[in-house]
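Trainee: Please pick one residue in this model and take me through its surroundings closely. Once that spot is clear, I'd like to carry on from there to other places in the chain.

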Amino acid sequence: MTTTRRPIVAGNWKMNTTVAEAVVLAAAVRDAVGAASGVEVVVCPPAVSLFPVQAVLEGGDVALGAQNVHFESGGAHTGEVSVSMVASAGATHVIVGHSERRARFGETDEWVSRKVRAILDARLVPVMCVGETLAEHDAGRTDAVVTAQVRAGLGAVSKDEAHRVVVAYEPVWAIGTGRPAPPEGANETCGTIRSAVAHAFGPGVADAIRIQYGGSVTAANAATLFAQPHIDGALVGGASLVASTFGVIVAAAEARNR
Ligand code: PGA
């Protein structure tokens, strides 16, 4: 398989950084990443920092993403933000269905699907997370779980637009644990995800869609993960809070496409 997919490396800052800290970190990331040739680079600060961070990133090579949105366009949804709101603050990408949201905030596959729909409608890029828990992993259910999540999450997407979605494979047991999935295993599951996409939308879409790996990605393990044929970048949590480390991860993705 010849891979022409442009890798995408996204930093998920989670519930870290005040506005002032986010602005400082964003400037450091911008400087560390420099001209990111051949790689799409995104940072996802907390919602309150989207707009100030956008001012720091404007005109550069680092794009801005939100960590979550509501699928409705507006109305009585106290505490939520809509896609058009994050877009008006400069976001071009949105993380959807992160396992922390699924596990702690009750985000269902149906919600994920509605959010993906709303994000595509607004011409933004959904970064849709899927992944199995440790119990599911140990029970040998990984393929079934991620296939079901991919099918459900992309359930309202048409063949023509499916390639615009980025899928992030994040085994729950690898997130924030310092215990990444072994590269070959991660690659295999990303291959399973690509097969699920092929089944739903055909081989052309499956070949074009980008699949990230996420879960304890570091400067030390990124290159090995990116050497895997089905892994098209990373969704990075903890390591994205240190600009120099994030810069090394981006450089590893750049090196892969050479
Ligand atoms: P981690 O988080 O890199 O800190 O494991 C990844 C994620 O949750 O997206």
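Mentor: Let's start with F71, which counts as buried at 14% relative accessibility (buried is under 20% relative accessible area, exposed is over 50%, and partly exposed is in between, with a 1.4 Å probe and protein chains only). A word on ground rules: this is a predicted model, where local features need pLDDT of at least 70 and side-chain atom pairs count only at pLDDT 80 or more, while totals for chains, interfaces and linings use all residues. Residues are numbered from 1 along each chain as its sequence is written, and side-chain values use heavy atoms, with hydrogens and water left out.

Back to the ring. A pair of aromatic rings is described by the distance of the centres and the angle of the planes. The structure holds 2 aromatic pairs (rings of Phe, Tyr and Trp, the last by its six-membered ring, pair if their centres lie within 6.5 Å; planes under 30 degrees apart are stacked, over 60 edge-to-face, and the rest tilted). One of them joins F71 to W111: the ring centres are 5.1 Å apart and the planes stand at 90°, so this pair is edge-to-face. It links distant parts of the chain, with F71 in the loop between strand 3 (62-66) and helix 3 (83-88) and W111 in helix 5 (residues 109-121), 40 residues apart. Those elements are DSSP runs numbered from the N terminus: helices are H or I with at least four residues, strands E with at least two. While F71 is buried, W111 is partly exposed at 36%.

Now follow the chain out of helix 5. R123 sits in the loop between helix 5 and strand 5 (125-130), and it is exposed, at 64% relative accessibility. Its phi deserves a glance: about 65°, positive although R123 is not a glycine. Most residues other than glycine have a negative phi, and most peptide bonds are trans. S216 also has a positive phi, near 60°, and isn't glycine either. This serine lies in the loop between strand 7 (210-214) and helix 10 (222-226), and it is buried, at 14%.

G237 comes in through its backbone, with an N or O atom 2.8 Å from a ligand oxygen. Taken alone the ligand exposes 280 Å², and the protein buries 95% of that (Shrake-Rupley areas with a 1.4 Å probe; for residues, only the protein chains shown count as cover).

Next, look at Y169, in strand 6 (residues 166-169). Y169 is buried, at 2%. Its side chain makes a polar contact with that of E132, at 2.9 Å (a polar contact is a pair of N or O atoms within 3.5 Å; within protein, one must be able to donate a hydrogen and the other to accept it, and residues adjacent in sequence count only if both atoms are side-chain atoms). Leaving aside neighbours within four places in sequence, Y169 is in contact with residues including V130, T142, A186, I193 and Y213 (contact means heavy atoms within 4.5 Å).

Finally, R194 is in helix 8 (residues 183-201).
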